[in-house]
Amino acid sequence: MSTTRSITDFETKDVVIQGALAALAISFIAAIGMLGEFNNRILITSLLSLGYLAIGWIPILFGYRASAEETIEGIDPPIKGPRDLLVGGTVGAIAGIVVSAFAWLAASVDLTGVFIHTGPGMRSALTFGQGIGFGSLLMIVFCTALGVFGAALHVMTPTVRSVIGVALGTTIVIAIFEADAKELFKGFRIRGVASILYSPTGGLTIVSAAAVTALVVAIKVYGKGHGPRVVYERVKLHHTSQTPEMQRRNSWIWGAAGFAVYLVIPQILGKSLSETAVTVGLFLVLGLGLNIVVGQAGMLDLGYVAFFAVGAYGIAMLTSPFRPAQWIPQLDFWVALPIVIIVAAFVGILIGTPVIRMRGDYLAIVTLGFGEIIQKLFLSDWWKPVVGGAQGITNVPSVSIGPVEFAGANSKMVFYLVAILVAGVFVLSHRLQYSRVGRSWAALREDEQVAEAMGINTVTAKLLAFAIGAVIAALAGALFAAKVGSVFPSSFKLLVSLVILVVIIVGGLGSLRGIAVGAIVLIGVLGGPTLPGLLREFGRFKLLIYGVILIYMMLKRPEGLLPSVLRSRELHHSELTQDAWLDKAGDFEEDEEVTA
Amino acid sequence: MPVLEIRGLTKAFGGIQALAGIDLHVNKGEIVSVIGPNGAGKTSFFNVITGMFEPDAGEIRFEGESIVGLTPSTITHRGVARTFQNVRLFPNLTVLENVMVGRHSRTSQGVFGALFRTKAFLQEEQEIEDHARDVLSFFGSRLRGYREDQPAFALSYANRRRLEIARAMATEPRLLLLDEPTAGMNPKETIELTGLIGSLRDERGYTVVMIEHDMRVVGQVSDRVVVLDHGIKIAEGDYDTVASDENVIEAYLGRPVNNGART
Amino acid sequence: MAAPLLIRREDETSVVSKTVSKSRAGKFRDGWVDGFLWFIRIAAILVVGFGIFRSVVMTLNGEGTSIDAWENLIVSGVAQGAMYGMLALGYSMVYGVLGFINFAHGEVFMGGAMVSFFVAQALFDNGVWESNFALSLFIILIVAVLTSTLIAVIVERVAYRPLRDAPRIIPLITSIGISFFLQYTFAGLFGEGVKTYPTPPDYLRNKVNVLGFLPIEGTKILVMVVALISMIGLYFYVQKTRAGRAMRAVAEDKEIAALMGINVDRTIVSTFAVGGAMAGVAGILWALLFRSISFITGFLPGIKAFTAAVLGGIGNLAGAMVGGIVLGLFENVGTIVVLGGLGIPGAGTLKDVISFSALVLVLVFRPRGLFGERLSHEDRP
Amino acid sequence: MTDTVSTTPVLEFRNVNTHYGPVQILNGVNITIAEGEMVCLLGGNASGKTTTLKTILGMVTPTSGEVLLDGEVISGMSTTHIVERGVSMVPENRRLFARMTVLENLEIGAYLRSDDLTEDLERIFELFPRVKERLAQKAGTLSGGEQQMVAVGRAMMSRPKVLLMDEPSMGLAPVLVAQNFDIIERINKAGTTVFMVEQNANMALSIADRGYVLQTGEIVLADTAENLLANPQMRAAYLGHTE
């Protein structure tokens, strides 16, 4: 039976803990300098800066969480009501009080000797530019209001919640990606829209923010039944009901449309957006390559950057007129590429051979070691006569096909090449996955011993995965060298391997669509190991956020954003069913040598 | 000529003698059951034949050629397939995929074919799928239809056992080693599978060596029964001879403790 | 994935036999892979042997590395190795109990060293550092130990405990995330600049003639002494106390340990705490040896310490220490002696290559490490 | 509850059902063990023996029904608490802490106790004089028979009300099996209640007071050991003979 609960029916301890956690999170964001730095970036004129967005979501989240109850199966959840709002508000108020105390502490004691970002910038941000007294009051009100808002989100019906969420979300996204939106408007030759939406001093104007929000609400409310999902479902339904011939004809039409878009995109995207698109593309290629090794064959390779380096250095050493080893003949990119591919495959097998017999985590650490060894060798004085040491190799010529030059400076042209590579690797990954080779990898990943007993030569299968992964990374590297025009050892740090791994894990190991999403979200929005993403402001905090995302994903959604079916089976269904199986298996007393 | 011929097969694990000089031969088209108490060395016996462990001494000849020291995948390629005592499927692959993996050693298409979807590749994929379906049909409708696309872990216990046999059959073995095929099945399922094991021999012409605890199953389908105890063959012969052997009964049921008189 | 209770687990004898039969089977299995591995092994021995031989010959001829320089290299190697050893203990213990590589352990170490830097700075500003170095050292040691322990315990609670039953590759990946998070948290809170510890007093920087003939820098003696004391303390804790016994029991067999009434969760926390404390000590040793620290200081020594743990046989505490010292020697002596002996220029830039090559070679030669005992975890699928 | 104190069983299963996900493993299991008894649970592969033990130890919680120890419901408690209340197990295949000494193994058996262990150690040395000779040795280096003694000793160190034995004959040579059962019998005669899971029926029934036969999660036979030994169904179940 559902019951209405009295307004005071909550655990004081839980509420205090939630409030304290919220305060901790806000103070943390302030103390690492995020608040102060982001505060300069206006989202909505005289209403919201990126800095307050960075802390504002915290009371909302904790208010929502504190008011929501864990649903226990079999017991109807209590009726939502004022009690929930009170809880949310209390959590927010506690957070506000503690944060104010922190601001007061920072104001009265100089902490900047230790915590370098706790200077006046942070203090004034935490007190809304007011004095400590009035500022604290404002902070408490701010947090309380947001806490109540969070709780209110919990109390309202899911429909209302989704309308509000989508509306606010859209507005904020439009505000955050101001620069990119302006670039797009420019590309579409509708620069006027930007000047209407955004204020000349940066950020949405209050009017336009309200208008956007209202528009989205209107669309959500009146456009029911015509949302993108509904349309998608309909198209899908339509698609599946077609005959094979129709489907084939349609796929041609789709292909042609896709090709047209492909030709047009760089013309619409401005310089910085195409630059980002190229970076995303390169990391997508790397991600897909690593996915073959990690996702398909099940070997955790942490030194993947080594093959990227081999590809980049290979092209640089063979094509640059300034190559340190002049005794190597200078070749054209297209002549050098096959050589680089062969070398990369060879290096893949060379590195793969000693490690394929190792257990999963040892394999990870040894491949990491190999990655570091290769980077350090490129950096060393020993190899300097050939690869240029820390000075690297410069003047790597750009790629040209006939008269068309895909110049490094012109990222619009590079886009075309990268897009082809992405498409090629996508097709390769997809086709391999559903082939005899892909099946042998899947079997290997599931149970190596049984795979061997089914006639799969595990050594060959593993080395094949290593070699294919290496070749794909080398292709990305080759393109990277030609695009940037130079190679330096510092571009091939361990960090690159880890970032690629994060991309495929966050996107969804083994899922090609997931990896695409991972690359776009992480590399595109947050930025790669060195290159900025769309959210340039995140530069300094990028890896911190990477870390948080990775931890969160592992704890809550280890299968990734868009998981492959197989992967989620491995991680979830098995929790239930396999147990029973194992237990049964346990009852089968085995002979001496128990499965290894 | 016997399909499988084993002489003096010996394997020790540390101090434990798992196999102590076993001699055995299996003729074409026979079903030979290996029975014995737990720890008698039965599964070791299978592991050594399939190359998962190398024997300390002894000779294993399959179709006249020695297979000692070959890798498990090579032995499978030669024509020996097995199932596992504790059912080791690829739990997250679908039923059909499990069986398709079994076709690995009888097919050859590599990366090139897969990438360019060559005619040969597509033909082979079709052949793999058809063959897999054919093998699944051996179990009637139990693994066909919607079940083909279910992940293996979602199957019932008995179906897992069936699928494992199907997967082994997909490798086109000339010698099939079944490790406790009916374990964990209820009496009805056991009877059904017993019939199928019989038809493996009679209809499909397989030669089968089977480890089995359920003596009813052993009795119904075996041409010969071999009893192992502590790595030694203690009896061999047709079912009735073996089942009435005092040694066998003792080894199997265990001797009552002599001083076990209770107060 | 813990094997369900009461599934039959190999007894010790069959564990041993399994390795034997595996390696033997290996010889037959993949002929060329084994051939290649043998090739690597022989090549490694030849190259290293030749390098050392030439260096020795050169030294005896009075060219190249001088006797003094040899001494220096060895002493530095041992001191640095002792630090790696302290850090390796944490990897070994966590690996022993939970069976995964805790990548973030290097950051635990960095955290301790970083926080105690500020304390050292304050002590220096107040003159205590100069006037009473022993007290200062003690204080910063305590601060480092407390900080590192706290970080290790929080990390276990927040990130690893919920993943206790996940496939162990999952906590490994999580630890990479934690590593990022901790690095950039420290960078954010304390700045990205390199921080330099105040110089230790003169008497520590001078060389002391140990045993009358071996001149060793005071700080290095101090490092070795602190490492030795910590090691003895740890040994006593693990071997002789009830908590230590519980820890070993949990490492060997969690299910049976629970059957004995041991609180497995609490024991795992204490394992992280002890590993963290040792990392804190290592942080101070690092401060004494290198003096400078920044937010990325932790990662590389972390990986190297893992190498040391593997070298000594992961899960074996004495092995971790020995592995650390071997690695330290390898890194210091090997770089100059082997590479110098081979006539490779710029050997100094190849220091890390040497340590990672050591890792690769150890796992190729002897995956179980020098004192490798097999852990229950290693037998898991 | 109408039971008087004297008849309160030490261990009792009341209509226990257990599921793993959708799969039912135990189906209305009822077991009663009185103080000082030795009871064995017989059953083939996948019959649910393992789950029965897991249920007693709190590693599996029954979906319905309850497990009682000395009249007190223990199902739902954590393993530590159940062990504290007096359940202890000799696991299948012994599973000693191989890298610890014999003495440490015994001491860890009494992990939850903080009182003096001398008396208990003496009692174990009395039962197994061989163990005393090997105290300083690593448990992994002992012979199989010695390991079994240590495993039993380790379980006895917590002064259990019920000693669970999981497949004591598993993986041992016949001579050791006999020795092992002898050990169990001595323990039982010395006053410890024993609940043994075994598939070597003859062996187990020759020393037990009573036995239960478990088949696919259900108790199909429950009788005294003599009656079970004489029961033709038993022979049928184990050798497939129908006599």
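Tutor: A polar contact is a pair of N or O atoms within 3.5 Å; within protein, one must be able to donate a hydrogen and the other to accept it, and residues adjacent in sequence count only if both atoms are side-chain atoms. This is a predicted model, in which local features need pLDDT of at least 70 and side-chain atom pairs count only at pLDDT 80 or more, while totals for chains, interfaces and linings use all residues; side-chain values use heavy atoms, with hydrogens and water left out. Residues are numbered from 1 along each chain as its sequence is written, and chains are lettered from A and ligands numbered from 1 in the order in which they are written.

Nine residues of domain 1 of chain A are in contact (heavy atoms within 4.5 Å) with six residues of domain 2 of chain A. The buried area (accessible area, 1.4 Å probe, that two parts lose on being put together, summed over both) between these domains of chain A is about 660 Å², with 67% from carbon and sulfur atoms. On the domain 1 side, A:Met34, A:Glu37 and A:Phe38 lose the most area to domain 2 of chain A, together 50% of what that side buries.

A:Glu37 also joins A:Arg540 in a salt bridge (a side-chain nitrogen of Lys or Arg within 4 Å of a carboxyl oxygen of Asp or Glu), at 2.9 Å, N to O. The count between the two domains of chain A is one salt bridge, and three residue pairs are in polar contact there, both residues at pLDDT 80 or more.

Together chain A and chain B bury about 4500 Å², 61% of it on carbon and sulfur atoms. Two salt bridges cross this interface between chain A and chain B; A:Arg439 and B:Glu125 meet in a salt bridge at 3.1 Å, N to O. There are also 11 residue pairs in polar contact between chain A and chain B, both residues at pLDDT 80 or more.

Yet confidence in chain A is lowest in H25(A), at a mean of 48, and highest in helix H14 (residues 305-319), at 95.

Chain C meets chain A as well. The contact takes 64 residues from chain C and 60 residues from chain A. About 5600 Å² is buried between chain C and chain A, 77% of it from carbon and sulfur atoms. One salt bridge crosses between chain C and chain A; C:Asp352 and A:Lys376 meet in a salt bridge at 3.2 Å, N to O.

Key:
pLDDT is the predictor's confidence in each residue, from 0 to 100. Helices (H or I, at least four residues) and strands (E, at least two) are DSSP runs, numbered from the N terminus.
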